[in-house]
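Biologist: I am new to this structure. Please walk me through it in short questions and answers.

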Amino acid sequence: MTTLRFLGLRLLGMAGTLLVISVLTYAVFYLLPTDPAMLSCGKPCTPARLAEASAFMGYDKPWWAQYLDFLAGIVTGRHFGSGLAAVDCAAPCFGFSFRLNTPVTELILDRAPVTFSIAAGAAVLWLIIGVSAGVAAAVKRGTAVDRSAMLLSTVGVSAPSYLVGLLGILLFGFTLDMVPVGGYVPFTESPVDWLWHLVLPWTVLALLSAAIYARLTRGQMIEVLGEDYIRTARAKGLRERRVIGRHALRNVLIPVITVFGLDLGSLLGGAVITERVFSMQGLGALLIDAVNTVDLPVIVGVTLFSALLVIVANFAVDLVYSALDPRVSR
Amino acid sequence: MTVDVSRHPLRSLTADRWAVAGGVTIVAFLLVAAAAPLLSGLAGQDPYTYDLNAVSDSGAPIGFGGGISADHWFGVEPMTGRDLFAIVVHGARTSFLVGFAATALSMLIGVVAGVTAGYFGGWYDRAISRFIDVMFGFPWLVFVIALGAIVPAAFPKQLLIILVIGLFGWPGVARVVRGQTIALRQRTFVVAATALGAGPGHLLRHQYLPNLVSTIIVYSTMTIPSMIGAEAALSFLGVGVPPPTPAWGRTIGDAVAWAPTDPMFLVFPGTALFLVTLAFNLFGDGLRDALDPRTIR
Amino acid sequence: GANDPKAAEGGDSGGKGGKLTILSASTDINFDPAKSQNLAITTLGLVLRRLTTWDIQAGKEATVVPDLATDTGTSSDGGKTWTYTLKDGLFYPDGSPITTADVKYGLERSFAAELSGGLGYHKGLLVGGGDYKGPYTGGELASIETPDAKTIVFKLNAPYGDWPWIASMPAFAPVPKAKDDPKTYTQNPVASGPYQVASYQQGTSVVLKRNPKWDAATDTVRAAGPDEVVFQLGQDATVAAQRLIADSGDDKFAFGAGFVPPAQLVQIESNASAKQRLVTSDAGALAYLAINTQRGPLKDVKVRQALQYAVDKKAFQVASGGAVGGDIATTLITPGIAGRQEYDLYPADPSGDAEKAKQLLTEAGQSKLSLVLLSENDPQSLAQAQAIQQGIQRAGITVTIKPADENTVIEQTTGDKPDYDLAISSWQPDFPSANGNIQPLFGTSEIGGGGYNISRYSVPEVDTLIGQALGETDAAKAQALWAQADKRILQDAPVVPLIYTKNSFLHGSNVKDFFVAAFPAYPNYLKVTLSN
Amino acid sequence: MLLSVQDLTISFEAGGDLSEATRGVAFELRRGRVLALVGESGSGKSVTAMAILGLLPGTAAVRGSITLEGEQLLGAAPDRLRELRGGRIGTVFQEPMAAFNPVFTIGDQIGEAIRTHRRLTSAAVRERVGDLLGTVGLDDPERIARSYPHQLSGGQLQRSMIAMAISCDPVLLIADEPTTALDVTAQAGILDLLRELRGRIDTAILLITHDMGVVADLADDVVVLENGRVVECAPVARLFAEPAHEYTKTLLDAVPTFGATRPAPAAGAGILSIRDLVVDYSSRVRAVGGVSLEIAAGEVLGLVGESGSGKSTIGRVLAGLTPVTSGAALVAGTSPVTSTSPVTSTSPVAGISPVTGTSPAAGIDIARLARHPWRNARALRRARSGIGIVFQDPASSLNPRRTVADSIAEPLVLHRDLTVAQQRVRVGELLDAVQLPAAMGRRYPHEMSGGQRQRVAIARALALNPPLLIADEPTSALDVSVQARILALFRSLQDDFGFACLFISHDLAVVEQLAHRVAVMHRGLIVEQGSTEQVLHNPQHPYTQRLLAAIPVADPQRQADRRAARVPADH
Ligand SMILES: Nc1ncnc2c1ncn2[C@@H]1O[C@H](COP(=O)(O)OP(=O)(O)OP(=O)(O)O)[C@@H](O)[C@H]1O
Ligand SMILES: Nc1ncnc2c1ncn2[C@@H]1O[C@H](COP(=O)(O)OP(=O)(O)OP(=O)(O)O)[C@@H](O)[C@H]1O
Ligand SMILES: [Mg+2]
Ligand SMILES: [Mg+2]
């Protein structure tokens, strides 16, 4: 398969996937017993007012018609209502949140930096922590190092993230007063504050997620260390660090990268609990808010956006596969 | 040729003290779960009866360590005064059932989907991979809420939970297994088996799977606690085990907010979950090592 | 704890100036008066004035007082026409005067479908309000007359004694037509109160700064202490409580807009400093168990009365936070509402009387009842549901809890397809009249279609009583009628009153004049000051 | 004294029991000398070498003493060992395919070895890598350096390995079977290179090999191992002239000598026919450039030729593993017919025997089938059941997670309805046939020596008595005595069942003994083809002539003369 054909097929597949997800999302919403127009009906909510609100927001149509409107909106933009109070949603319009009075596209672009900041740092940290713990455990197999790394990672997987976040805040935020207890400062405003506010969320997320990496890495590493080419690398006189860090690790990384891609992809779509504990208004907070208030357009928008990220991450993982392992190249 | 008893993986598994400890712990917890009514009966408790005398006016347990006493071995639950020991041992039933069954379900689907996708490649792989993408991108949170509303009340909740987390839990495994399968596909020994005329079934079972067990075991043992955690998340969405049926996930979820005030409320169920997780991981590591012929013992 | 007594005495008052921080769990504030459901004494009250407003003081009953208007309204035509006159010296920040035309326009725009979502009691009361589509497409609403810039006259469909309360709703805030951009008005309204929005960061924070043209002389309810008010949005309740307990740095000048969670209440008990700063409301809103009177055996009043005895109100109280969570309730009209009469139709121990309940059930011929209890699925609601469940089960009734998210519960209970026997609900009326406690919950017109009569209680006699009370413009007479309705309804036992909830709030050590009345059981933002 | 090994005993815990791989091995090696370590497959040659480097797996227990320039290596600090490895001690591993890291290019891996011990700019490293690859006789050093291990032929990898081993001018070179995958001309080049190295920087060479010709050509002294013990130690001339120990004599007797051609069999029906086969791995690599071959039933075709000329590729095409660019590979369509005679005539196992094929013209084109492996899965599987294949690299062709018994039983499981007990019996027979003790069956591949693994691979290929056997350097890792027995087995099986065989080998003496006909490959083309007699004794093509001239003979004196005669002719 030529690279071009491969890329083309893949892009087509990605677009198709997004389409399917969006259809499903709309269909699922139709199943929900809640009428999203209720949200905008006000108090007291008379049936006539409800119908009015429904019609204005376009929820009075069957779900497929709403879906087609949605698709059309991406290309042409959308208008709701008429006159001075009419609402405009410029293309690409991924819906309009009547609750927040803002186009979904704008909301996502607004919140994404927060989530991306949390995700990127945390991911880097946990990859480093997880992989190095796993490597250390594998290299020192059966020793105290191995056991304690694995014990810690067990704590990591079984601890609720909300708890770890809270305790982190209590300890480092209040008792030790080392870091701010929450909030987000845009990088463009103050890089130092940005970093300072993110240290704790990063660490918390990293500690929790590193566990799976540590274990996966350990298992793979033990296997790879038995291969002949490791013996060759040692026979070359390489430092053990290089033998492990380059020759073994490269072969270990395939499953690790897979999980990493997935985790990063879904994390970029919003770290719900972490964002809540640390009072950061990222995509996760936006989504949960939207779910709680049945803000359909926001849910659809954020869902599609995170789906896109996951899909892109998967794509990246596949590319990395062939880069990591020349035998896999198509 | 004689059957090789000495090389049976179980032999080396039993030689691994840590793995044995893990296995024993798992069995112990299984027994506790099975004998839950008996155990809590010993103290004359059940997980449902309120004991408002055991909590203060504001709902906090009275007395040392969250109300630990001869009656309440683990103390009581804040706000209700229900016996925490009874809740923990009864909760083991729900949590084990959910943790095991959901992990088994998602592992089964994930491994089958991943291995076949990696092995067959081509359009099948593309289809599975895109399907995995869909599963990942699907707003399952919302879907679960919808489910809670449309599934008839008569539908057994525990089964529903198992199905929901099992059916949404597999794409991760599938991706990982797929990646490794693709890497294995090029290995000479797999090619050699192909050249012998091995069909897909044989190849998958005898060539791929033995080389994937490590990953599968590690992943499974990691998955069990997260499944138990997912049960708690589902409780919040209204499709979890409905209260007052005890479940670790929900109890721990409730207890987190109480951690600064009544730490024991978290410590007991939390330790139980931690021990089970640890036990599974130790056992899993032992099993992994026992199945790996190159293990240095 | 109760209200900080010193604050109530006014002995510990702060002065002018400073930056007040308010920690809020919600992620947005809607400043558009047409879309807002804010109470008169919270956020919106800082920025927007209405014709009338509430005077809320610690330990006193809520009263309606003039705000922009000179009085709370004069009625004529037997309560069908209400007239208001504006005070002198009212200006927008840009110096232009506030006129009645602006008030009329503000009300008109609340009718637009594009701006729905707010408190809309006036919509059904005003003549022609039913079909009016708002100023953008429907012209003017004739039943609001502005003979001059200072006078405004409302024409109602029927006599309505509580209209002065209605005139305190957000929609009665002035909106200058020239400045009306519905797209941005939610974030940047034209201020009439002491503050104006200085910055609005979606989801994160809102900063209010002083409105230079606000004149304290025209305003009796707003202290306007701090120079600046900052809302930190999207704060987790537990974390916010912990911040306030720690009371360090800027948090000394902060208070939490949300209730303190039960676990933190217990934590505060053992923290002397924090305990001093915890403010608990007087018993206020009613938490009750609604019994679906249109379902099978529950149609039988005997069965419903059995439930009155079976319920363990004590356990419910503990699940709601114990003594600081509320007081045991026996009536429908809540404390703090003018005209309330205390009584108990079903006297029993707070833990209930299972024997009595069983006896009533036997009389009703029901031995094997099995009921579905609809509950929201947050931990607190589930704890409460379990408390109810275990209580009723003592009488030999099986109760199954059906947890669902908030929206589903609302949909179920206020919609047209009810599938529940019991539901726990709590009601805080939108304005502090006994009316607000009775009519929305027990009027036949409020069954389904979004109404809150979730026990689906329909008795013509009660409807007549409600009608009479609604039309009565003499407050004292109206109150007597409401009290009568209260007792009459409970005889039919459509609900079990559980507790009058109390809400607890925490503030920093430099926040002064912070108190919470019975109604509404929220801090009065308008009075808060800071010590310097 | 550069290297001194004293009383070296190495034991493994494997298969549940403790086995001693070497017992009291002792020898010494001076600078500038070549010590050959020869002996039976599995006698402990490789583990001895690994012990010197301190690279034995954790399951090994080592006792004794190993000193390098007086410095004790056993139990030396890891850092010290690391300094020595690659710098002062260069190593050529026995199985080059498994010894290279699959995810890095060859150039990268050799460069790394240089950079570890020398401070050089990357350009200088690149240049040195190119030089080294050129020195070991690789045609296109640039492509080799850019290639990943799986893109190279066995011989190319082996030479890359040698390049890596000598990259830092080691004082001690451990070369474990350094020329097994090389054709004799390339081998001669490598031997010259080693000699040059010894001459230039006085390198001492520990040469492990089973090829007595190579020993005769290069070694100064010889140590003979049998079953983990040193049975004889002598200067090369004396060893060849007057072997003292019984085993040494057996060994020397078993050396195949050139000159005993096999008679051609009665012409059977064609079983395999390759027509105009072209295989491109990429637009730049044409591995096979239009080859046509025929093999009749019962006929052994010896395929010899230059390393990297496409021999293995042809083998893979025949198994349907490599897509072809054009051409056809027709295999007779019938699967093996059952008969009651298995490997040993006394065997009770029924159902295993080859067939005489029908005309391949009526057969299936496996090359065409392989183009759509999924669509033609069934047909491919049927075709493959009639083909046995021994891969050039036994180490990686065995599943590391399965015991070798399981691997050997695999074809039986796949194509025969045997009970577990019958399978076990059959596996036992096969192990026995390839000279492995039955107990070895429960070992895992990594617990065996190179030659033992190779025999496992042979056993697996023979399990079904396939009508067509593709054997890619099947005896390259076997010492001559075991090789002789395996070849005898081959011949007797062939006589019994008359299977056809594509026998790829660089050992011309072996080919001469076994093959009825010989084809010679050079740069992707068959340059000469004919009866064994014709091709090997009356070569027409210059390449064949050069090949024959490069065959080393197992006699130090004669070999020295031959070398002297060859060298000028080459330049
Ligand atoms: N996967 C591949 N990709 C690219 N080139 C390859 C690949 N496999 C083999 N080659 C090249 O094809 C040529 C033929 O390789 P092949 O393995 O058939 O050689 P060979 O005759 O078996 O050599 P040897 O005797 O050394 O084993 C070599 O030049 C090799 O580098
Ligand atoms: N890791 C191991 N575990 C158990 N036994 C092993 C291990 N490695 C080697 N052996 C055994 O040790 C013996 C010596 O092996 P070694 O590799 O040194 O043989 P060799 O002389 O190099 O043979 P060959 O010529 O076949 O390569 C063999 O019997 C082999 O089976
Ligand atoms: Mg060897
Ligand atoms: Mg080859």
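Modeller: Start with a definition: buried means under 20% relative accessible area, exposed over 50%, and partly exposed in between, with a 1.4 Å probe and protein chains only. This is a predicted model, where local features need pLDDT of at least 70, side-chain atom pairs count only at pLDDT 80 or more, and totals for chains, interfaces and linings use all residues. Residues are numbered from 1 along each chain as its sequence is written, chains are lettered from A and ligands numbered from 1 in the order in which they are written, and side-chain values use heavy atoms, without hydrogens and water.

Biologist: Is D:Thr209 buried or exposed?

Modeller: D:Thr209 sits in the loop between β8 (204-208) and α9 (212-218) of chain D. Helices (H or I, at least four residues) and strands (E, at least two) are DSSP runs, numbered from the N terminus. The relative accessible area of D:Thr209 is 2%, so the residue is buried.

Biologist: Which backbone nitrogen lies 3.0 Å from a polar atom of the side chain of D:Thr209?

Modeller: Contact means heavy atoms within 4.5 Å. Not counting residues up to four places away in sequence, D:Thr209 touches D:Leu37, D:Val38, D:Glu177, D:Val214 and D:Val215. The backbone nitrogen 3.0 Å from a polar atom of its side chain belongs to D:Asp211.

Biologist: Which residues are the protein donors of the magnesium ion (ligand 3)?

Modeller: Donors are N, O and S atoms within 2.8 Å of the metal (3.2 Å for Na, K and Ca); water is not among the atoms, so sites may look incomplete. Here the donors lie 1.9 to 2.2 Å from the ion: D:Ser46 (OG) and D:Gln94 (OE1).

Biologist: How many residues apart are D:Ser46 and D:Gln94?

Modeller: D:Ser46 is partly exposed at 22% relative accessibility, while D:Gln94 is buried at 13%. D:Ser46 belongs to helix α1 (residues 45-53) of chain D, and D:Gln94 to the loop between β6 (89-92) and α3 (96-99) of chain D; the pair is 48 residues apart.

Biologist: At what angle are the ring planes of A:Tyr26 and A:Tyr67?

Modeller: A:Tyr26 is in helix α1 (residues 3-31) of chain A and A:Tyr67 in helix α3 (residues 63-76) of chain A, 41 residues apart. Both are buried. Their ring centres are 5.4 Å apart, and the pair is edge-to-face because the planes lie at 70°.

Biologist: Which ring lies under the charged end of A:Arg246?

Modeller: A charge sits over a ring if NZ of Lys or CZ of Arg is within 6 Å of the ring centre and within 35 degrees of the ring normal. The charged end of A:Arg246 is 4.2 Å from the centre of the ring of D:Phe104.

Definitions and conventions
A polar contact is a pair of N or O atoms within 3.5 Å; within protein, one must be able to donate a hydrogen and the other to accept it, and residues adjacent in sequence count only if both atoms are side-chain atoms. Rings of Phe, Tyr and Trp (its six-membered ring) pair if their centres lie within 6.5 Å; planes under 30 degrees apart count as stacked, over 60 as edge-to-face and the rest as tilted.
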